[in-house]
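Please examine the sequence and the structure shown below before reading on. The paragraphs that follow lead through selected features in turn.

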Amino acid sequence: LFAVLVALYEEPEKPNSALDFLKHHLGASAPENPEIEALRLEVAEMKEKYEAVLEENKKLKTKVKVY
């Protein structure tokens, strides 16, 4: 806790909320930014598409081996 308070003191641009600064540096969960949640959703969708493409690639490779 002391180290985080020192970091807050030494911060050149003071944050609007010291409590949020402490929570962030101590690892407590802060309120989620909607943009971050949207990006997480996009990453999950991309992972699903990636897995589907990998599966399709495997199927096509087996077809090519047959011919």
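The model is a predicted one, in which local features need pLDDT of at least 70 and side-chain atom pairs count only at pLDDT 80 or more, while totals for chains, interfaces and linings use all residues. Residues are numbered from 1 along each chain as its sequence is written, and side-chain values use heavy atoms, with hydrogens and water left out.

One ring does have a charge over it: the charged end of Lys14 sits over the ring of Tyr9, 5.8 Å from its centre. The term requires NZ of Lys or CZ of Arg within 6 Å of the ring centre and within 35 degrees of the ring normal.

Leu5 lies in helix α1, residues 2–10; helices (H or I, at least four residues) and strands (E, at least two) are DSSP runs, numbered from the N terminus. With a relative accessible area of 40%, Leu5 is partly exposed, a class between buried (under 20%) and exposed (over 50%), using a 1.4 Å probe and protein chains only.

The UniProt record, an unreviewed entry, annotates residues 36–63 as "coiled-coil region"; its positions are given in the numbering used here, feature names are shortened, and annotations may be inferred rather than shown by experiment. In the model, residues 36–63 are 100% helix and 0% strand, and the C-alpha atoms at the ends are 41 Å apart.

Helix α3 covers residues 34–66 and includes Leu41. Leu41 is exposed, its relative accessible area being 52%. Although 16 residues separate Leu41 from His25 along the chain, their C-alpha atoms are 25 Å apart. Val64 also belongs to helix α3 and, at 62% relative accessibility, counts as exposed.

Finally, Tyr67 is placed in the segment after α3. Tyr67 has a relative accessible area of 82% and is therefore exposed. Tyr67 and Asp20, 47 residues apart in sequence, lie 62 Å apart in space, C-alpha to C-alpha.
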